[in-house]
Amino acid sequence: MASSTAWSRASTPRRGPARGVALSVLFEQPDRTLDASTPAWASDLRLDQLAELLAPGVDESDLRAVFWSRLGSVAAVTYRQDVFRDLEDDELFRAIEAYVSSIAAQERGRAQLETLRSQREREGRYLELVAAYLETVRELDAALDRAALASQALVALRRYVGGYLRSEEVRRLGDHVRELRRALEAVRYTVHIAGSRVSVGRLDDQADETAAIRATFERFSDPADAAEQPEGLGRRWLERELNPIEARILDLVAALFREEFTALAAFYERERTVWDPTLLHVAREFRFYLAYRALVDPLRELGLDVCYPLLTEEPGQLTLENAYELVLAHERAREGVAVVTNDVSLGPGERIIVVTGPNQGGKTTFARSLGQACHLASLGCPVPGSRGRLTLVDTIASHFSRAEQVGLGGGKLEDDLDRLAELLGAVTDRSLVVLNEVFS
């Protein structure tokens, strides 16, 4: 059964575009609806296995939807190729990785808020999540500003992020967060435990023994752990959920410092729509670029090339140098076996390639490599090979030999003819048809 999804800011696919999204780093139009169904020819070309390598697990249906949704114009392909090219800048790539990771962590943190038993803890964690979000966006802004961007998508994103941070609403939010955090960092209190009785008081003239205790036990701690230890009341809330005793102590502290915690509660109630839909949307979209780079970078390190082929809507263009089958390359890389590459070129007036040879000679692998290249090129992805010129295909069709099924009435020849008739009735002059061991 076919299914569809839209690239959304939500953690699960939605049937419509994310509301309020101003731009996309994958598509020229941000409201593109995607087809998440796996094509019938995917297994013939091992593209189903490639999709699994790219997006393993049931939670990655949005990535797979992008993988199966070919782009319909050279301009749309170029839009995405240019983002891939910009992300060849290692510094920018690492910054985008950090951005995606941080936004994902904040999404998880927001989802966990409702599971917390303590309302005070919920409010404190939310403040820290908002602070982390604003810092994440500032770091993205700085990274985009440093980069020499050429892609339309990332130039538009840089402009959007800069305008977002300069807006009066976001500047006010940043000031508010800083004021609240300063006020909470200034909270100092004592805890007195006598048997089963716990009392909390203000730390006024009493000596603060924290530094002395820390110095005493410092010799037993790992310096790296100490360097990573978060400081301040609010930051500690993010480490783990408070146990019931800690939560009760926090309530007592809040009663002592009523003004600070009343302001925190008001912030929690008022600022519930902080996360910008567009910035969440592009964080999810960037995952496609990161996942594909994770797929091809290990092969690059082994000396295998990927390239950005020249795409045209002119029929019959198929030229690739040093092409290889991507799934097989991953298998060979794990086994430490070299990968054989091939060149292919259709000359003027040529539209058909016939490959013959002995069994196990690589004919099927060669056919799959061409099918994979045409599909990946239509996604704007770097293609296995050192150079290429390809027709932007509108349809991919395949016919691979399969075992005869007893009880169908007709023989294998009739089955092959029926399948071919259906296949060839749906193709155009811009289609790629891959036939393997027909009428065998």
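Student: Is glutamate 135 buried, partly exposed or exposed?

Tutor: In this predicted model, glutamate 135 is partly exposed, because its relative accessible area is 37%.

Student: Which residue forms a salt bridge with glutamate 135?

Tutor: As a general idea, side chains of opposite charge can pair when their charged atoms come close. Here the partner of glutamate 135 is arginine 138, and the closest N and O atoms are 3.4 Å apart. Arginine 138 is partly exposed as well, with a relative accessible area of 33%.

Student: Why are arginine 138 and glutamate 135 separated by about one helical turn?

Tutor: Both residues belong to helix 5 and are three residues apart, so about one helical turn separates them.

Student: Which parts of the chain does the salt bridge of arginine 146 and glutamate 91 link?

Tutor: The N to O distance in this salt bridge is 2.9 Å. Arginine 146 is in helix 5 (residues 119–146) and glutamate 91 in helix 4 (residues 90–113), so that distant parts of the chain, 55 residues apart, are linked. Arginine 146 counts as exposed, since its relative accessibility is 52%, while glutamate 91 is partly exposed at 42%. The count for the model comes to 19 salt bridges.

Student: How much space lies in the second largest pocket, and which residues are closest to its centre?

Tutor: Rolling a probe the size of a water molecule over the atoms shows where empty space is left. In this structure, the second largest pocket holds about 860 Å³ of space. It is lined by 31 residues, of which Arg351, Ile352, Ile353, Val433 and Val434 are the closest to its centre. Helix 15 (363–378), strand 10 (387–391) and strand 12 (431–436) each give two or more residues to this lining.

Student: Which residues form a nonpolar patch on the surface?

Tutor: Val191, Ile193 and Val198 form such a patch, with about 240 Å² of accessible area together. Valine 198 is placed in strand 4 (residues 197–202), and this residue is partly exposed, with a relative accessible area of 31%.

Conventions:
Residues numbered from 1 in each chain as written. Predicted model: local features only at pLDDT ≥ 70, side-chain atom pairs only at ≥ 80, totals over all residues. Heavy atoms only, no water. 1 Å grid on protein atoms, 1.4 Å probe; cavity = no way out; pocket = protein on both sides within 12 Å on 5 of 7 lines; lining within 4 Å. Points joined across faces, edges and corners; volume = space filled by probe spheres on them. Helix = DSSP H or I, 4+ residues; strand = E, 2+ residues; numbered from the N terminus. Patch = residues over 30% accessible without salt bridge, like charges linked within 9 Å, V, L, I, M, F, W, Y side chains within 5 Å. Areas by Shrake-Rupley, 256 points an atom, 1.4 Å probe, with all protein chains shown as cover. Salt bridge = Lys/Arg side-chain N within 4 Å of Asp/Glu carboxyl O. Buried < 20%, exposed > 50% of the residue type's maximum accessible area, 1.4 Å probe, protein only.
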